[in-house]
Amino acid sequence: MVFSLLAVVLDNTILNVAIKTIADPVHGLGATQSQLEWAMNSYTLVFAGLLFTFGVLGDRYGRKRMLMAGMLLFGLASLASAYSQDPTQLIAARALMGFGGAAIMPATLAIISNVFPIHERGKAIGIWAGGVGIAVAIGPITGGLLLEHFWWGSVFLVNVPIVLLSLILIGSLVPDSKDPNRSALDPIGVLLSIAGLVSLVYGIVKVSDLGTFADVSVLVPSLVGLAILAIFVWWERRTDHPAFDVRNFRNAGFSTAIASVGLVFFAAMGVMFFLAFYWQIVRGYSPLQSGALVLPFAAAQLIFAPRSARMVQRYGAKAVGTVAMLVITAALAAYAVIDVDTPVWIILALGFVQGAAMANIMPPATTAIMNALPREKAGVGSSMSNVVRQVGGTLGIAILGAVLSASYRNGMEGKVGALPEQIRTVVTESISGAAGVAAHLGPRGAALMSAADDAFVAGIHWAALGSAFVALIGAVVVARWMPGRSAVTVQVEKSELEKEAAVV
């Protein structure tokens, strides 16, 4: 399951490194900024919109079957992406990759929940989460190495051998499982979930494109999406065979775990996304070097995520989760004091601390979500976890990005000199635009770039404070509503003690 997840997570982290190369008209496809955004957004929209649907279908028709179909489609779409001849083909191929990824993600967690008994499930999910840390670590480094030696399509082609090996391992090792109670399908609920999620996520990603909420292309799809999801909840409460029983939200452990997942990803993903620009543009590191700078965060995930279950067994989910959220809050707030020349080791240490804290909240929260639902509904539970994670991360990038952009534009006012109006707009819109203009201005470019760096770092400060505030809300939610040492945990510990006594 860790290996099958590797391709999906690896692809997303690699693409961030390859964007600049794909935009190059000589070495890439000459994609415009809008086309690059859609190459990323087409994947996000399809992936988020279909996660819930594939969770439902996996529970009904078999999770192993759904996983293998998703892996096959993901591999073929990766091949199509690698050999795209123009940006339009790449956008379409990326959408197909989102289709395959949406089938993969719910199935991996659902299979783990059905293979491992409840007293081993937390540890298994911790190892699964540690696998995500591995992918986060090797993704940017792999992308940097590939781009240094091969053409831009290699960042997609690398998925193909991973998919082939995964299909062999899944086919030979993974047991199939599905809901033994073949209740009637809920096509209305499924269609409502797709329409609502796609519309909502589309509105959110438009915030990233436009840098503002006050636009009809942001407000209309977002409000329509929320309205459709409200209708979805109403329908699921009325039908006698719901795709997802919304009464599960009455379970404090389930609701708190879902909320904490969304809040963590909202808080963390925005800052992590903008740090990539900080490393490459403000500090001047190469894509490969920038990828290596993610290693402390990923290493902390790999080290601590598999051990999180033991922490929860000893101290309880409430205590572990609350402390983890408070540490995340402190780490994110600390980014508000970094500067253009802050020693690199300080930022790396912050990344390690943040990664360690996230490793102690994400696996326990995911385990709480999966344990709150019957094993036969594991696909739906996994889908709900992944939907909230995806929407929370996308929302964090969009909102914190809007905050950073507004701060950057304010910081650049009066600092663009006598540049023509069109070039002035490029410089004040983004630090990437400022870097491109400064490269052609000679000695004048250094002063312009210095001002852009200062304005961008000031924007990071505001984004960091916003993310820390959201993480603090998460800490309050976990401290107030997350159950403590559950009866299940106590029973597991009692069982283990009885086994030890028998051995003695």
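## A first look at this predicted model

Among the elements of the chain, helix H14 (residues 317-334) has the highest mean pLDDT, at 93, while helix H21 (residues 487-503) has the lowest, at 48. For the chain, the mean pLDDT is 82, with 93% of residues at 70 or more.

- Phe3, Leu165, Ile168, Leu169 and Leu173 together make a nonpolar surface patch of about 460 Å².
- Helix H7 (residues 159-173) gives the largest share of this patch, with four residues.
- Ile168 is found in helix H7, and this residue counts as exposed because its relative accessibility is 57%, where the cut-off is over 50%.

**Aromatic pairs**

- Searching the whole structure turns up nine aromatic pairs.
- Phe54 and Phe99 form one that is edge-to-face, with 5.3 Å from centre to centre and 80° between the planes.
- Phe54 sits in helix H2 (residues 33-61) and Phe99 in helix H4 (residues 87-115), so their pair ties together parts that are 45 residues apart in sequence.
- Phe54 is buried, as its relative accessible area is 11%, whereas Phe99 counts as partly exposed at 36% relative accessibility.

Terms used:
Residues numbered from 1 in each chain as written. Predicted model: local features only at pLDDT ≥ 70, side-chain atom pairs only at ≥ 80, totals over all residues. Heavy atoms only, no water. pLDDT = per-residue confidence, 0-100. Helix = DSSP H or I, 4+ residues; strand = E, 2+ residues; numbered from the N terminus. Patch = residues over 30% accessible without salt bridge, like charges linked within 9 Å, V, L, I, M, F, W, Y side chains within 5 Å. Areas by Shrake-Rupley, 256 points an atom, 1.4 Å probe, with all protein chains shown as cover. Salt bridge = Lys/Arg side-chain N within 4 Å of Asp/Glu carboxyl O. Buried < 20%, exposed > 50% of the residue type's maximum accessible area, 1.4 Å probe, protein only. Phe/Tyr/Trp six-rings, centres within 6.5 Å; stacked < 30°, edge-to-face > 60°.
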